[in-house]
Amino acid sequence: MKPLEALIGQLIDVQGPIDVATYMTFALGHPVYGYYRSGDPFGARGDFVTAPEISQVFGELVGLCLADYWLKLGCPARIALVECGPGRGTLMADLLRATRTVPGLHEALDLQLVEINSALTTRQAQAIRSVNSELAPAWHEAFDKVPASAPMFVIANEFLDALPIRQYVRDAQGLVERRIDKNDDGGLAFVVAGRSRLPDRPEFRELPAGTIVEVSPAREGFVDTLAARLNEVGGLALLIDYAHQAPADTALPAIATGDTLQGIYRGEKTSPLAHPGLADLTAQVDFAALRRTVRAAGARSWGPVGQGAFLRELGIELREQVLTKVTPDRASEVSAAIRRLIDPGEMGELFQVLALTPEGAPQPAGFDTPEPRG
Ligand code: SAH
């Protein structure tokens, strides 16, 4: 048996079935065996390809959005540029390259990166150095460790989907927690056990028996801290992620239903319980819940808008024309990558972008699409 599976088994022996968030915390974040702690999850294992790895244009346009907002705020002399989960540093490098010609912007940057993977930290340092060797980034293991002394510009692409969720299942009394237990042959299996419940709400009674509901105290905690920081020091945050798809005919738009926890092992979908520590685990992001958190924290949210709409408004099609003209031999490759980012059947609508600012602050570029209700 793999070491992490054995450790999780021991934990279950001691305390009984564990909740999904505890399992995800072990499988992704265990200091030695966690998936995001060891090696390069992007590398030969090729577990996933993210937007910045698909095309340089993604990071360039995120950079444009941030630079535009810096100008809208009157070019503050110092800003903290924070990226949560920078991966290989590709987005940051593309963003920095694209904003190099904005007078005064790079001189104002104080780079702060939030990362738990030391192998990736090294790659991020190299990527940033290759664009601007004057910048001296600082790393932190959690967002709340980032100092808040200047306006903050925060980016997180595919960061929230790796933060732990909890799952609940509709039974006769309401919503009871879904947990993970050992099965007869020593592997792991989902169970509905124990008495942990979500506080009852009338709308829960309308859910069919067996429906799964996901909540993420970790994401909401992150967004709550982010909103409080922005209220304190000003700035902008862009959160980009695979959005929870509420069924179109749902009678209960305020509740995200369905099991979205997914494992990817060596590029293939797998049971989330099959390879703890070796598989990537993600769950779709309930942006409606995050908007409620932002509102409760007294900050302003913009969107979410589809990634396609966001990138179009920032001029992705113009950028495509320029790139295909300057590198004609790569034109079809460039265009195919851009289609992947913006087409509705690809990432264009599945991925959504939510912006946060303090209340009363200017509107960031890319958010002209009307906001969803609720
Ligand atoms: N933003 C990058 C990488 C996305 S993968 C891209 O778009 O390509 C998720 C990233 O978040 C990885 O860098 C991973 O190491 C980091 N990460 C995952 N969980 C984390 C946590 N709890 N705290 C900080 N970083 C985390």
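**Close-up views of a predicted model**

View 1. A backbone N or O atom of Gly 85 is placed 2.7 Å from a nitrogen atom of the ligand. The protein buries 93% of the 570 Å² that the ligand exposes when taken alone. Gly 87 also contributes through its backbone, with a polar atom there 3.0 Å from an oxygen atom of the ligand. Glu 115 contributes through its side chain: one of its polar side-chain atoms lies 2.5 Å from an oxygen atom of the ligand.

**View 2. Residues around the ligand.** The ligand is surrounded by 17 residues. The closest are Thr 50, Gly 85, Gly 87, Glu 115 and Asn 157. Among them, Gly 85 has a backbone N or O atom 2.7 Å from a ligand nitrogen, and Glu 115 has a polar side-chain atom 2.5 Å from a ligand oxygen.

**View 3. The largest pocket and its centre.** The space in the largest pocket amounts to about 850 Å³. Its lining consists of 38 residues, of which Gly 85, Ile 116, Phe 159, Ala 162 and Leu 163 are the closest to the pocket centre. Gly 85 is also listed among the residues closest to the ligand.

**View 4. Composition of the lining of the largest pocket.** Sorted by class, the lining residues are 19 nonpolar, nine polar and ten charged. At least two lining residues come from each of helix 2 (20-29), helix 3 (51-54), helix 5 (90-99), helix 8 (217-233) and strand 13 (280-282). Helix 2 supplies four residues, the largest share of the lining.

**View 5. Arg 179 in strand 7.** Strand 7 spans residues 175-182 and contains Arg 179. Arg 179 counts as buried because its relative accessibility is 15%, below the 20% cut-off. A polar atom of the Arg 179 side chain is 3.2 Å from the backbone oxygen of Pro 17.

**View 6. Gly 267 in a loop.** Gly 267 sits in the loop that runs between strand 11 (262-265) and strand 12 (268-270). Its relative accessibility is 42%, so Gly 267 counts as partly exposed; that class lies between the buried limit of 20% and the exposed limit of 50%. Gln 245 is 22 residues from Gly 267 along the chain, and the C-alpha atoms of the two residues are separated by 23 Å.

Key
Residues numbered from 1 in each chain as written. Predicted model: local features only at pLDDT ≥ 70, side-chain atom pairs only at ≥ 80, totals over all residues. Heavy atoms only, no water. 1 Å grid on protein atoms, 1.4 Å probe; cavity = no way out; pocket = protein on both sides within 12 Å on 5 of 7 lines; lining within 4 Å. Points joined across faces, edges and corners; volume = space filled by probe spheres on them. Nonpolar A, V, L, I, M, F, W, Y, C, P; charged D, E, K, R; others polar. Buried < 20%, exposed > 50% of the residue type's maximum accessible area, 1.4 Å probe, protein only. Near = heavy atom within 4 Å. Polar contact = N/O pair within 3.5 Å; in protein donor to acceptor, adjacent residues only side chain to side chain. Areas by Shrake-Rupley, 256 points an atom, 1.4 Å probe, with all protein chains shown as cover.
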